Amino acid sequence: MTWILDNLPRIGELTLAHLALSLPAVIIAFVLSIPLAWGANRVRVLREPVLTGTGLLYAIPSLPLFILLPALIGTSVRDPLNVVIALSIFGLALMVRSAAEALDAVTGDIRTSATAIGFSGIGRFFTVELPLAGPALLAGVRVVCVSSISLVSVSAVLGVSSLGSLFTDGFARNIVGSILAGILMTVVLALICDLLLVLAGRLLMPWQQGRRRRPLLARAREVSA
Amino acid sequence: MSNILEALEWLLTAEAWAGPGGLWARSLEHLAYTLLALGISAAVALPLGLAIGHTRKGRGIAIVATGAARALPTLGLLTLVALFTGIGLTAPMVALVVLAAPSVLAGAYAGVESVNQATVDAARAQGMSGWQVLTQVEIPLGLPLILSGLRLAALQVIATATLAAYVGAGGLGRQLFLGLQTYDYSVMLGASIVVILLAILVDGAFGLGQRLLRRVPGLAGTAPANVTAR
């Protein structure tokens with residue numbers, strides 16, 4: 001406990017480094033997954049190859065990918081960029097399938113009615129399909145976010161600074177407090193980010209609240225009847 | 001790119017593969033760790049997951065627990081246990097089992113739950129006991145998702161077993177960390193390529209197994225309408 005209190009500034013610094021590695025990756029994965037998923041849904045022949053192909057990326061072990069990337073893109077092994085790119089790839093692997101399924105779940109009826117009201121292709125996508133797929137997309141991002149935050153620490157064994165450095169330092173110098181602080185902060189960070197995503201979802205998709213209340217009301221009516 | 005060529009060159013030399021510390025021996029060790037961790041995870045999580053799916057009780061707890069386990073950094077757990085148990089296989093096994101068990105658990109209860117309720121009710125109506133319903137209806141029909149859970153767990157374990165070498169155990173991580181310590185990038189890269197190939201091979205084997213199982217009469221494949229993957 002005293003170790004943690006004595007090293008708060010370092011823990012804070014590493015927490016920021018941890019976020020700087022994981023958050024960009026989550027954002028990149030999300031932003032890239034939408035057009036990929038849209039394209040995969042649009043061109044039906046490509047759907048399975050794209051989904052299976054990106055899914056296969058997830059089979060690549062993280063540590064080896066952190067090491068392989070420098071050879072492919074010319075960075076050094078300790079470059080944080082490798083970590084961000086590798087995490088984006090894993091995020092994408094998880095996200096493309098859930099995005100494709102989320103967008104696909106918006107039924108043809110809704111699309112047809114939107115077109116009938118006069119929406120153009122792109123306008124319809126952003127104002128009708130994307131919001132309706134929102135809750136399922138959010139579920140996907142939450143998984144990507146938590147697993148990215150947890151996965152970052154592996155890069156510490158290569159010397160990239162993150163909360164994982166608390167594990168490698170603690171192990172090398174035999175400090176239990178350091179490792180405990182790292183585990184605690186990683187879990188707390190994952191929980192906070194997850195919570196923020198949920199809150200962002202409530203703000204961006206206020207209609208979700210109504211949907212959740214309705215079945216309860218319906219049930220209450222059934223009971224009273 | 002020249003780095004990759006160098007690594008491939010190293011992979012093509014006989015001495016990289018031979019001997020007790022060679023890539024063959026390390027690959028076998030890596031696979032053995034994976035099997036052991038997967039076996040322990042399955043022994044713990046499969047019965048639990050099947051029970052949750054069958055009784056529909058404890059699902060909330062299972063979801064929270066698997067979510068929390070997903071946030072738990074494996075390297076942290078590994079180094080923490082290693083500080084107490086010293087170098088050896090205990091710490092990696094604890095970390096790998098904690099990593100793999102949630103996937104197995106989730107696959108098991110999702111698999112059982114995916115079985116059409118009408119089918120389960122029909123089985124009960126025919127006089128099957130709870131145990132018979134589980135072993136003769138729910139497990140065979142839920143098998144695709146149960147296997148998906150095991151497949152995901154196996155992948156995670158293969159990927160993470162490289163870290164076992166960080167706390168003094170064997171596996172392909174040995175060469176990887178050896179390369180890291182001696183600044184020999186081609187050795188590091190070579191070992192990484194072998195790990196990636198191993199992961200893809202095992203994933204492919206699972207995929208093939210799942211495809212073959214679908215053809216076995218009486219198993220999931222014969223009643224696809226009843227299995228709704230979620």
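Student: Which residues does Pro24(A) touch, not counting residues up to four places away in sequence?
Tutor: Pro24(A) touches Leu19(A) and Val84(A) on that count. Please keep in mind that this is a predicted model.

Student: Where is Pro24(A) placed?
Tutor: Pro24(A) lies in helix H2 of chain A, which covers residues 8-42.

Student: And why does Pro24(A) count as partly exposed?
Tutor: Pro24(A) counts as partly exposed because its relative accessibility is 30%, and partly exposed is the class between under 20% (buried) and over 50% (exposed).

Student: How many residues apart in sequence are Pro24(A) and Arg202(A)?
Tutor: They are 178 residues apart in sequence, while in space 22 Å separates them, C-alpha to C-alpha.

Student: Let us turn to chain A as a whole. How many helices and strands does chain A have?
Tutor: Chain A has 10 helices and zero strands. The C-alpha atoms of chain A fill a box of roughly 65 × 50 × 25 Å along the principal axes.

Student: What share of the residues of chain A is buried?
Tutor: Of its 225 residues, 45% count as buried. Chain A exposes about 11,100 Å², with carbon and sulfur atoms supplying 70% of that area.

Student: Which contacts join residues at least 24 apart, and what share do they make up?
Tutor: Among contacts in chain A between residues at least 6 apart in sequence, 74% join residues at least 24 apart.

Student: What does UniProt say about chain A?
Tutor: An unreviewed UniProt entry annotates "transmembrane region" at residues 16-38, 50-73, 79-96, 143-167 and 179-204 of chain A. In the model, residues 143-167 of chain A are 56% helix, with end C-alpha atoms 23 Å apart. Residues 179-204 of chain A are 100% helix, and there the end C-alpha atoms are 37 Å apart.

Student: What does UniProt list for chain B under "transmembrane region"?
Tutor: The unreviewed entry lists residues 31-53, 60-87, 152-173 and 185-206 of chain B. Residues 152-173 of chain B are 45% helix in the model, and residues 185-206 of chain B are 100% helix. UniProt also annotates residues 31-206 of chain B as "domain: ABC transmembrane type-1", again in an unreviewed entry. Over residues 31-206, chain B is 82% helix and 0% strand.

Student: What does Leu189(B) touch?
Tutor: Not counting residues up to four places away in sequence, Leu189(B) touches Ile67(A), Leu68(A) and Ala71(A) of chain A, together with Asn3(B), Ile4(B) and Ala7(B) of chain B.

Student: One last topic: which residues of helix H9 of chain B are buried?
Tutor: Helix H9 of chain B covers residues 173-181, and its buried residues are Gly173(B), Gln175(B), Leu176(B), Phe177(B), Gly179(B) and Leu180(B). The buried residues of H9(B) pack against helix H4 of chain A and against helices H1, H3 and H10 of chain B. Just after H9(B), Tyr183(B) takes a positive phi of about 55°.

Conventions
Residues are numbered from 1 along each chain as its sequence is written. Chains are lettered from A and ligands numbered from 1 in the order in which they are written. This is a predicted model: local features need pLDDT of at least 70, side-chain atom pairs count only at pLDDT 80 or more; totals for chains, interfaces and linings use all residues. Side-chain values use heavy atoms; hydrogens and water are left out. Contact means heavy atoms within 4.5 Å. UniProt positions are given in the numbering used here, feature names are shortened, and annotations may be inferred rather than shown by experiment. Helices (H or I, at least four residues) and strands (E, at least two) are DSSP runs, numbered from the N terminus. Buried means under 20% relative accessible area, exposed over 50%, partly exposed in between (1.4 Å probe, protein chains only). Accessible areas come from the Shrake-Rupley method with a 1.4 Å probe; for residues, only the protein chains shown count as cover.
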